[in-house]
Every structure is written in structure tokens, then in C-alpha cells.
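Dear colleague,

Please read them alongside the model.

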Amino acid sequence: MSSFDEELAKLKTYISQMGGVVEAQLVDAVGAVHRRDDEKGQRVRASDDRVDEYEAEVELFTHRLLALRQPVATDLRCVLAALKIAADLERVGDYAANIAKRASALSNLADVAPTGGIVRMGQLTQALIKDVLDAYCDGNADLAQTAWKKDEEIDEIYTSLFREYLTYMMEDPRNITPCTHLLFVAKNLERVGDHATNIAETVYFMETGERLVGERPKGDDSSFAVVVPPSAS
């Protein structure tokens, strides 16, 4: 049993290390967009291979534990949670790489649209990822539940940016290309928030054996956004 506990601790270390790489990816990707830094964007994309390697290691390790240890109850939830969290973190890494690609594209365009909202949204998603990973490492169901509720603010910023960048595009056709790239960045960050809340739900279930009750708080109203051109008002 002591050996099995050590294996579970090792699995948690894998997730922690993978999360650290993903957190760094997000910070660098948003910074690359803000500064139109193509070189930093390329480094973020190159680091995505390491995230994929971590996911493969976690998958192999969990399959081995399931086959050889046949865990039950809390131990089984811990093993399956690691597998699910690794998949969510891998997707977050993919979104960070996508954001980095937009930074490379923006580096060749005029700096016509402000990115302060993108930076703010990036900071919130980074904080959310940190919170859910801390909840996982500490086995803190309360922190997971609190983090689960924070995604709504990220959604609200996304809706605001959606309206803002559409307005810039209507004001001047030259803004269409850079603003389109920034909209994709904002959407990727919104999806990062969704995966972070997935992790929060997984951690909560891992610790309590129960699922979070109620609908996940959402604040994304971009699907219903209508921006009227100035000439039509």
C-alpha cells in the first residue's frame, strides 16, 4: 500500500509539472500578442510538444495503475481524475499555441487595436488555471468550487471584446485583419476558462465523490451581440 501511495504521489507530480508548463505557455502567449512578439510566439509553439509528452506519460502511467493495482473508491477517482485533467491541460496547451500563432501574424500588421482587454482576460485565465491546479495538488474541494464560479467573469470580458473589436472593424476596414486575429485570441482564452472549470469539476468529484450541483455560471452573450454601424444609427 505504501508503494501505491508513492505511485499516486508521482501521478500528482506529473500533473503539477504539466500544469506548470501550460501556465508558462499561457503567460508567454498572451505577452507575445500584447507585444506583437513573433520570436516569443514561436517559443510557445515549440513548447507544446512537451505538454503532449506529459499527457502521454500520464496516460501510460494511469493505464498501468488501473491494470496492476485495480484501485477502488477514492483511489480510483484519483487515477481517473489525473487522466481527465491531463486531457484538459493538453487542450489548454493547444489553445496557448494557437494564441502564439496569432501573435506571429499580428507582428506583421499595424498596431491598430488595443490589447489591454486581451491582457486582462489572459490574467484571469492564468489565475483560474493556477487555482484549479492548487485545488488538485492540495485536495481542496472548496477552492475547486470557488474557481468553478469564476469563469463567468472571463466570459463577460470576451463578450465585451467581441463588441469592441467589431466596432473597430466597422469604423475602418484596415482594422478587419488585426481585429479578427484578436477575436480568435479572445475566443481561445474563453475556451481555456472552460477547460479550467472542467478541471475544477473533476477535482471536486475526486475529493467528495459528488458532482457540483447546478449549472455552470456563464457570461458569454457574444452569440446575441448586435453592433450597429454608426451610419445606421
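A residue is called buried here when its relative accessible area is under 20%, exposed when it is over 50%, and partly exposed in between, with a 1.4 Å probe and protein chains only. On that scale Cys-179, at 0% relative accessibility, counts as buried, whereas Cys-137, at 31%, counts as partly exposed.

This is a predicted model, in which local features need pLDDT of at least 70 and side-chain atom pairs count only at pLDDT 80 or more, while totals for chains, interfaces and linings use all residues. Residues are numbered from 1 along each chain as its sequence is written, and side-chain values use heavy atoms, with hydrogens and water left out.

A search of the whole structure for disulfides (pairs of cysteine sulfur atoms within 2.5 Å) finds zero. Cys-137 is accordingly in no disulfide, and the nearest cysteine sulfur, which belongs to Cys-78, is 12 Å away.

For the packing, helices are DSSP runs (H or I, at least four residues) numbered from the N terminus; their axes are lines fitted to C-alpha atoms over the stretch in contact, and angles run from 0 to 180 degrees between N-to-C directions.

Helix 1 (residues 2–35) and helix 4 (residues 116–138) have axes that come within 10 Å and cross at roughly 175°, which makes helix 1 roughly antiparallel (an angle over 145 degrees) to helix 4. Where the two are in contact (heavy atoms within 4.5 Å), the residues of helix 1 include Leu-11, Ile-15, Gly-19 and Leu-26, and those of helix 4 include Ile-118, Gly-122, Ile-129 and Cys-137. By class, this contact of helix 1 with helix 4 has 12 nonpolar (Ala, Val, Leu, Ile, Met, Phe, Trp, Tyr, Cys and Pro), five polar (the others, Gly among them) and three charged (Asp, Glu, Lys and Arg) residues.

Helix 7 (residues 176–208) packs with helix 5 (residues 141–148) at an angle of about 155°, with their axes 8 Å apart, and helix 5 is therefore roughly antiparallel to helix 7. Among the residues that make the contact are Ala-144 and Trp-148 of helix 5 and Ala-200 and Tyr-204 of helix 7, and by class the contact has seven nonpolar, three polar and two charged residues.

Helix 7 also packs with helix 3 (residues 73–106), at an angle of about 170° and with axes 9 Å apart, so helix 3 and helix 7 are roughly antiparallel to each other. Their contact has 19 nonpolar, seven polar and seven charged residues.

Key:
Helices (H or I, at least four residues) and strands (E, at least two) are DSSP runs, numbered from the N terminus. Angles under 35 degrees count as roughly parallel, over 145 as roughly antiparallel, 65 to 115 as roughly perpendicular and the rest as oblique.
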